[in-house]
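This report describes how two chains meet. The sequence and the structure come first.

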2 protein chains.
Amino acid sequence: MGVTKTELFTVEQSRIAELAKAFAHPARVAILQLLAQRKACVCGDLVDVLPLAQATVSQHLKELKRIGIIKGDIDPPRVCYCINEPVWEEARDTFGQLFDVFISETNCC
Amino acid sequence: MGVTKTELFTVEQSRIAELAKAFAHPARVAILQLLAQRKACVCGDLVDVLPLAQATVSQHLKELKRIGIIKGDIDPPRVCYCINEPVWEEARDTFGQLFDVFISETNCC
DNA sequence: AATATTCATCGTAATAATACGATTATTAAA
DNA sequence: TTTAATAATCGTATTATTACGATGAATATT
């Protein structure tokens, strides 16, 4: 992509965009749903359920960890992934507030 | 990107991902905030406020329109953009439900 | 020690997204 | 009719993302 100019926007806007990215791919939505519902936890179980190669799942997990919305505990040779509650709440609150900014009134179109 | 295999996921998961994409770029967050707060409406005003070229803003607007979260009324030679309330609510409800799936209990990590 | 299991990382191919200048289309205004 | 204003679209360069096979690292098991 052409160089998303993050520095030209507010940190809040950039953080919202980053949190949204966690949900901006069906595979990551699936992963987050599985973790949130505690239907899976171990990386291998996620790989079994998802229609993607192990390396790809691992890549998505890495991205989710980078954003902070999940955490991973190693329990060799397995790794257990879970929702990272503080960031999950940050996302929930952030989007909640964002959606509340729009009040149903006179739109000009 | 490598061919996001949308067909391998549920329509719900794909729709969530699509709605999330509306917020997955700081420029689109900025646009949606401006529209939601009714601080701008006309395309040209958005271009004035945003640190991006007109063509780029137009491209983002097109993507937001494709997702359905905004609509545009032409009032030649201007175009007035507004939040598309039904989809805005769809997004609000969708993410609300998604975040509520996770209940604060015993995480395994 | 040798093997098996699990997951991360590397390398890389393919594709999507971002950005912008230039052009076009449309309509208003002069 | 000519000109100005506005916004969409085109073309294209650049960069990011997605995907997967192969390999590597770490630990448990035999």
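Are H1(A) and H2(B) roughly parallel or roughly perpendicular to each other?

## Model and conventions

This is a predicted model, in which local features need pLDDT of at least 70, side-chain atom pairs count only at pLDDT 80 or more, and totals for chains, interfaces and linings use all residues. Residues are numbered from 1 along each chain as its sequence is written, while chains are lettered from A and ligands numbered from 1 in the order in which they are written.

## Helix crossing

H1(A) and H2(B) are roughly perpendicular to each other (angles of 65 to 115 degrees). The axes of H1 (residues 11-22) of chain A and H2 (residues 26-36) of chain B cross at roughly 110° and come within 8 Å. Axes are lines fitted to C-alpha atoms over the stretch in contact, with angles from 0 to 180 degrees between N-to-C directions. Helices are DSSP runs of H or I with at least four residues, and strands are runs of E with at least two.

On the H1(A) side the contact (C-beta atoms, placed from the backbone, within 7 Å) is made by A:Gln13, A:Ser14, A:Ile16 and A:Ala17, and on the H2(B) side by B:Pro26, B:Val29 and B:Ala30.

## Interface and symmetry

Chain A and chain B contribute 40 residues each to their contact. On chain B, H5(B) supplies the largest share of the side touching chain A, seven residues.

A rotation of 180° with 0.0 Å of shift along its axis superposes chain B on chain A, with RMSD 0.0 Å (least squares on C-alpha atoms of residues with pLDDT of at least 70 in both copies). The two copies are thus related as by a two-fold rotation axis. The C-alpha of B:Ala20 is the one in chain B nearest the axis, 2.6 Å from it.

Methods
Angles under 35 degrees count as roughly parallel, over 145 as roughly antiparallel, 65 to 115 as roughly perpendicular and the rest as oblique. Two residues are in contact if their C-beta atoms, placed from the backbone, lie within 7 Å.
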